[in-house]
Amino acid sequence: MLTKQELSIKIGNRIKQLRKDKNISQAELGRLCGRDKQHIELIENHKVSANTYTLYTIATALEIEFIELFKF
């Protein structure tokens, strides 16, 4: 079983990977999901854990199914 920190790292890395695959900046992703660049940066760098709704908005902004965020 993953710890909370390990899960945060995996999700942050996955978001960063998916965002870069789509050539979207942190600022653009933030704008698309109603967050600021700093919030996206904090999530990607494992400084904060995103809540379920934030993850949903990120998945929607990346035009992927929610479950894709957990395929690591």
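Colleague: Where does Arg-14 lie?

Modeller: Arg-14 lies in helix α1, which runs over residues 4-21. Keep in mind that this is a predicted model.

Colleague: Is Arg-14 buried or exposed?

Modeller: Arg-14 counts as buried, because its relative accessibility is 11% and the cut-off for buried is under 20%.

Colleague: What does Arg-14 touch, leaving out residues up to four places away in sequence?

Modeller: Arg-14 touches Glu-68, Leu-69, Lys-71 and Phe-72.

Colleague: And which side chain makes a polar contact with Arg-14?

Modeller: That of Gln-17. The two side chains are joined by a polar contact of 3.2 Å.

Colleague: Which residues of α1 are buried?

Modeller: Ser-8, Ile-11, Gly-12, Arg-14, Ile-15, Leu-18 and Arg-19 are buried. They sit on the same side of α1, because they cover an arc of only 165 degrees around the axis.

Colleague: Why do residues three or four places apart point the same way in an α-helix?

Modeller: Because an α-helix has 3.6 residues a turn.

Colleague: What covers the buried residues of α1?

Modeller: The cover includes α2 (26-32), α3 (37-44) and α4 (52-61).

Colleague: Which exposed residues are on the face turned away from the buried side of α1?

Modeller: Lys-20 and Asp-21. Just after α1 comes Asn-23, with a positive phi of about 55 degrees.

Colleague: Take Ser-8 next. What does Ser-8 touch, again not counting residues up to four places away in sequence?

Modeller: Ser-8 touches His-46, Val-48 and Ser-49. Ser-8 is buried, with a relative accessible area of 10%.

Colleague: How far apart are the C-alpha atoms of Ser-8 and Gln-26?

Modeller: They are separated by 17 Å. Along the chain, Ser-8 and Gln-26 are 18 residues apart.

Colleague: Salt bridges now. How many are there in the whole structure?

Modeller: A search of the whole structure finds 5 salt bridges. One of them joins Glu-44 and Arg-19, with the closest N and O atoms 2.6 Å apart. That pair links distant parts of the chain: Glu-44 is in helix α3 and Arg-19 is in helix α1, 25 residues apart.

Colleague: Are Glu-44 and Arg-19 buried or exposed?

Modeller: Both Glu-44 and Arg-19 are buried.

Colleague: Which residue forms a salt bridge with Lys-37?

Modeller: Glu-41 does, at 3.2 Å from N to O. Lys-37 and Glu-41 both lie in helix α3, 4 residues apart, about one turn of the helix. Lys-37 counts as partly exposed, at 34% relative accessibility. Glu-41 is partly exposed too, with a relative accessible area of 31%.

Colleague: Which residues of α3 are buried?

Modeller: Ile-40, Ile-43 and Glu-44. They cover an arc of only 95 degrees around the axis, so they are on the same side of α3.

Colleague: Which helices do the buried residues of α3 pack against?

Modeller: They pack against α1, α2 and α4. After α3 comes His-46, whose phi is positive, near 65 degrees.

Colleague: Last topic. How many aromatic pairs does the structure hold?

Modeller: The structure holds 2 aromatic pairs. In one of them, the rings of Tyr-53 and Tyr-56 have their centres 6.1 Å apart.

Colleague: Why is the Tyr-53 and Tyr-56 pair tilted?

Modeller: Because the ring planes stand at 35 degrees. Planes under 30 degrees apart would count as stacked, and over 60 as edge-to-face.

Colleague: Where do Tyr-53 and Tyr-56 lie?

Modeller: Both lie in helix α4, 3 residues apart, about one turn of the helix. Tyr-53 counts as exposed at 55% relative accessibility, whereas Tyr-56 counts as partly exposed at 45%.

How values were computed. Residues numbered from 1 in each chain as written. Predicted model: local features only at pLDDT ≥ 70, side-chain atom pairs only at ≥ 80, totals over all residues. Heavy atoms only, no water. Helix = DSSP H or I, 4+ residues; strand = E, 2+ residues; numbered from the N terminus. Buried < 20%, exposed > 50% of the residue type's maximum accessible area, 1.4 Å probe, protein only. Polar contact = N/O pair within 3.5 Å; in protein donor to acceptor, adjacent residues only side chain to side chain. Contact = heavy atoms within 4.5 Å. Arc of directions from axis to C-beta. Salt bridge = Lys/Arg side-chain N within 4 Å of Asp/Glu carboxyl O. Phe/Tyr/Trp six-rings, centres within 6.5 Å; stacked < 30°, edge-to-face > 60°.
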